[in-house]
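Good morning. I will take a few minutes to go through one structure, starting with the overall picture and ending with single residues.

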Amino acid sequence: MASQCHVRSISLPSRSHPTTLKIQEELNKLKNWEASPTSTLGTICNGLSGVQELYKCLDEFLSLQSTQQTLSHHRHEKWVEELLDGSVRLLDICGDARDVISQFVENVGDLQSALRRRKGDVCIEGSINNYICARKKMNRDAKKLLTAMRKMENKAAASPLLDQDHQLSTVVRVLRDVNTMSISVFQSLVCFLSTPVLKSKPSRWSLKFMQKGAASCEGKQENVEELKNIDFALSAISSKRADSEKMQVAQKGLGALEVSIEGLDHGLECMFRKLIKTRASLLNIVSH
């Protein structure tokens, strides 16, 4: 899974606390996840699960007395403000992504219900058009999220590493690397949400448009395939009178998509709670 979001190596010495080494281990697992050549709904769910494990370790790290003393002692410095700002921005992105995903789950469910009822071609085509409109809105919302994450990336890249005492540099690097990896996972999810809508069998022009729309999400072509297949199935039953076989193909694809999207929705809900807990911990530490 190619990503433009790179986590700088912590390069921790052997005397580092076991909790810090656990964070490095989880980061390494997620780096391997990033390096995967394909990105599907299943791998995105795995990425969200991996970040949740990362935040469990981060909770332990923030509970260490040495971490709390370091953050409290430097609470008025710019890098602490940047970390707090990053934590709230991650919360905003996660919350917005949850809203988009939840709405998409509802749209997919509504279309499935319409296909099951099969009250006529006009009714089915209207439901498909509603789904397509919802997809287009999801695409626009996702692009806004991608823009927000690029700004976070650029700001993080401009922040210099602090080559001071070991404890201070470790705390800063751990928190920055966790934030950076979180952005990478969210980017993978949002790239899925930004998949262009294809309403008919792909022509040479439409394939070029699809590739252009996915250009900002390098290495995420499998995401395009998963939604593109649904688009083609729906096109087959809306362009002419739907036969039973085409209807079953569309229903089966939508059913599988709904299950996968619900998995993403659950993963984002868990991630949101982790982010709230982490921000609360940070605020509690720097306020004392």
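First, the ground rules. This is a predicted model, in which local features need pLDDT of at least 70 and side-chain atom pairs count only at pLDDT 80 or more, while totals for chains, interfaces and linings use all residues. Residues are numbered from 1 along each chain as its sequence is written, and side-chain values use heavy atoms, with hydrogens and water left out.

The protein chain has 9 helices and 0 strands; these are DSSP runs, H or I of at least four residues for helices and E of at least two for strands, numbered from the N terminus. Of its 288 residues, 50% count as buried, meaning under 20% relative accessible area with a 1.4 Å probe, protein chains only.

Now the helix pair. Two packed helices are described by the angle between their axes and the distance between the axes. Helix H3, residues 65–73, packs against helix H6, residues 166–193, at about 90°, with the axes 10 Å apart. The axes are lines fitted to C-alpha atoms over the stretch in contact, and angles run from 0 to 180 degrees between N-to-C directions. That makes H3 roughly perpendicular to H6, a label for angles of 65 to 115 degrees. Where do they meet? Ser66, Thr67, Thr70 and Leu71 in H3 touch Gln167, Leu168, Val171 and Leu175 in H6, with contact meaning heavy atoms within 4.5 Å.

Cys191 also sits in H6. Cys191 is buried, at a relative accessible area of 8%. Its C-alpha atom is 8.2 Å from that of Lys143, 48 residues away along the chain.

Lastly, Arg98 lies over the face of Phe272, 4.9 Å from the ring centre; the criterion is CZ of Arg, or NZ of Lys, within 6 Å of the ring centre and within 35 degrees of the ring normal.

Definitions and conventions: Angles under 35 degrees count as roughly parallel, over 145 as roughly antiparallel, 65 to 115 as roughly perpendicular and the rest as oblique.
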